[in-house]
Amino acid sequence: MANVTNWIDHLSAEEVVGAVYPGAGSMEMTLVIIGIVLWLGWHVLTAKSESDELERLSRKRHGANDHKSNITDW
Amino acid sequence: MTDQLGALTTIFTEFYYWVTVVLMFLIHVGFCMYEVGASRYKHHQHTLMKNTMLIPLVTVTWFFFGWWIYWAFPTGPGIAPSIMNESTALITDESTFSARWYTAASEYMAINLGDHISGVFWAAFLLFSWTAASIVSGAIIERITTFAFGILAIAIGSCFWVIDAAWGWHFDGWMLKILGYHDAYASGVIHAIAGGFALGVLMVLGPRIGKFSSSGEPRNIGPRNPWLVTVGLFLIYTGFWGFYAACNIPIFDLGPEYGMEGVTYWTATNIYVTPTTLSGITFNFLMSLSGGLLAGYWIAKGDPFWTYSSGLAGIICASAGNDLYHPIQAMIIGMIGVVISYKLHYWVERKFKIDDAVGAVAVHGYAGFIGLVICGFVLNGYPSSGYSVGAMWDGTTYASINPLGQFLGAIIMFVVLGLIPGYVIAKVLHSMGKLRIPRDVEIAGLDYEMMESAKKDERAVSSATR
């Protein structure tokens, strides 16, 4: 994966290549696709857990001040 | 970089933007504190997490497509020709400022020894994106789902505000050429659009339970932790310094840029590459802040919540022309913006039953809109660009700043790219049943489950003697 193995050779080249990260020139699109899948997947996972939580809490029908009984020591 | 002076200029510019990014981070810290302070105890943790999670969501989408939009869309597309390639298409050619360098897969969107600026400039704009989304966040606390807010944050933070930035906050933007649009420190491109977007969402979302009486009279739900709100607003002021600096280009030779043969003129410029000074805008920042505070204290009869917010509204109102105003003009404009915004807030609340929990639509939306309109009169006739200046409506060159162009620009920001998209996206989310939390959850408190799950430990701790 290493794109640079010797800085002296790299910087003394006639044309210095700027992109020095692993996979430069070949991996970018793959990384973007992985990134987009992770981003969209996060929405799917968290939307589901939020819906479940809201539904569970909604069923309990607590009053506006019930939360105060959960705070026992200020 | 092989010559020392060129390297110094480049690395100074790189460091300059980097510092602005760090300073602007405080805006987000301030918004988080402000929102938590304004919300009720039973919603605190969800309120904080909602605003916090916009950071990663807007950041990754800004990387994937937001930054590309800024560079691709200055011509509309299809509205006015680019000064770079004379095309009205998307700017995706081989030129220096082409959007093709800013796709997520570009080698310049990473560590690149040949590019010291893209990352810090990307980040400076990203922090503006967080601000736009965070403005919306405050208005809708205590009743929106985190999922819906995430979608709305991405829409305003990585899509709509950056379209307006490409159109009206880019040296090649069509709004400069056709309308003579001028908005140096983002009265419109950040604040008016975000305020308009928030208003569109609020129209669909509805008020918090109990905000209005059965006869429709609004009730005050004041901040639950005024000190957190106070420190939050101070931090937003602090971050705003970085915002102002980030809107400038710190060092630039305008002679060759404008095609002036043999002329060398090094200066700071605004985002339109017209000259200003960091020193001059410091006058105006502080004087417009002061004008806002003075007017806010007077009109709100010393109410701290509105007085602090008015300081911000004062800056926002003067921001469009703060690269050129006299400091006393900036102060007066700040005062006018605050008085109109304050009155409009309560009028809209009573008339349309809009519950803007933190006054975000007023402080950002109305003040930004008014600031653009005032700028059109006060700076009437100034060039909107350093490049050629011609007649209004002539898309091949640049119109000068004028009242009608600024008014139309304000409509584009607040209504076309703000209110309408906010309303439509909120409607779609509402039709999916994903916009608003259930009524029983709103009454119980979003944090109820978290608090209940900790109750056993809490009780044990409170009864412990050793």
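Helices α10(B) and α11(B) are oblique to each other, because their axes cross at roughly 125 degrees and angles between 115 and 145 degrees fall into that class. The model is a predicted one.

**Helix α10(B) and its two partners**

- Helix α10 of chain B covers residues 304-318, helix α11 of chain B covers residues 327-352, and their axes come within 7 Å.
- The crossing of this pair is right-handed.
- On the α10(B) side the contact is formed by Trp306(B), Ser310(B), Ala313(B), Gly314(B), Ile315(B), Cys317(B) and Ala318(B).
- On the α11(B) side the contact residues include Ala330(B), Ile333(B), Gly334(B), Met335(B) and Tyr342(B).
- Eleven of the residues in the contact of α10(B) with α11(B) are nonpolar, five are polar and none is charged.
- Helix α9(B), residues 278-299, packs on α10(B) at an angle of about 135 degrees, and the two axes are 7 Å apart.
- That angle makes α9(B) oblique to α10(B).
- α9(B) also passes α10(B) in a right-handed crossing.
- From α9(B) the contact draws on residues including Asn284(B), Phe285(B), Ser288(B), Leu289(B) and Tyr297(B), and from α10(B) on residues including Thr307(B), Ser309(B), Gly311(B) and Leu312(B).
- The contact of α9(B) with α10(B) consists of ten nonpolar and ten polar residues, with no charged ones.
- Trp306(B), Ser310(B), Ala313(B), Gly314(B), Ile315(B) and Ala318(B) of α10(B) take part in the contact with α11(B) and are also listed in the contact with α9(B).

**Helices α3(B) and α6(B)**

- Helix α3(B), residues 118-139, and helix α6(B), residues 187-205, pack at about 35 degrees with their axes 9 Å apart.
- The crossing of α3(B) and α6(B) is right-handed.
- α3(B) contributes Phe128(B), Thr131(B), Ala132(B), Ile135(B), Val136(B) and Ala139(B) to the contact.
- α6(B) contributes residues including Ile190(B), Ile193(B), Ala194(B), Phe197(B) and Ala198(B).
- By class, the contact of α3(B) with α6(B) holds twelve nonpolar residues, two polar residues and no charged residue.

**Nonpolar cores**

- The largest nonpolar core has 147 residues, and the members that touch the most others are Val136(B), Ile156(B), Trp161(B), Ile193(B), Ala194(B) and Ala198(B).
- Helix α4(B), residues 146-168, gives the most to this core, with 15 residues.
- A second, separate core has eight residues, among them Leu54(A), Ile437(B), Tyr448(B) and Met451(B).
- Beyond four places in sequence, Ile193(B) touches Ala132(B), Phe160(B), Trp161(B), Asp164(B), Gly188(B), Met413(B), Phe414(B), Leu417(B) and Gly418(B).

**Strand and loop residues of chain B**

- Phe252(B) lies in strand β1(B), residues 249-253.
- Phe252(B) counts as partly exposed because it has 17 C-beta neighbours inside 10 Å.
- Leaving out residues up to four places away in sequence, Phe252(B) touches Glu257(B), Thr267(B), Thr269(B) and Val273(B).
- Thr264(B) is twelve residues from Phe252(B) in sequence, and their C-alpha atoms are 9.8 Å apart.
- Val273(B) sits in the loop between β2 (266-269) and β3 (275-276) of chain B, and its phi is near 60 degrees, a positive value in a residue other than glycine.
- Val273(B) counts as partly exposed, with 15 C-beta neighbours inside 10 Å.
- Lys301(B), in the loop between α9 and α10 of chain B, has a positive phi of about 55 degrees although it is not a glycine.
- Lys301(B) is exposed, as 8 other C-beta atoms lie within 10 Å.
- Gly76(B) and Pro77(B) are joined by a cis peptide bond with omega about 0 degrees, and Pro77(B) lies in the loop between α2 and α3 of chain B.

How values were computed
Residues are numbered from 1 along each chain as its sequence is written. Chains are lettered from A and ligands numbered from 1 in the order in which they are written. This is a predicted model: local features need pLDDT of at least 70, side-chain atom pairs count only at pLDDT 80 or more; totals for chains, interfaces and linings use all residues. Axes are lines fitted to C-alpha atoms, for helices over the stretch in contact, and angles run from 0 to 180 degrees between N-to-C directions. Helices (H or I, at least four residues) and strands (E, at least two) are DSSP runs, numbered from the N terminus. Angles under 35 degrees count as roughly parallel, over 145 as roughly antiparallel, 65 to 115 as roughly perpendicular and the rest as oblique. A crossing is left-handed if the near helix is turned anticlockwise from the far one by less than a right angle, and right-handed if clockwise. Two residues are in contact if their C-beta atoms, placed from the backbone, lie within 7 Å. Ala, Val, Leu, Ile, Met, Phe, Trp, Tyr, Cys and Pro count as nonpolar, Asp, Glu, Lys and Arg as charged, and the others, Gly among them, as polar. A nonpolar core is a set of buried Ala, Val, Leu, Ile, Met, Phe, Trp, Tyr and Cys residues joined through C-beta atoms within 7 Å. A residue is buried if 20 or more other C-beta atoms lie within 10 Å of its own, exposed if 12 or fewer, and partly exposed in between; C-beta atoms are placed from the backbone.
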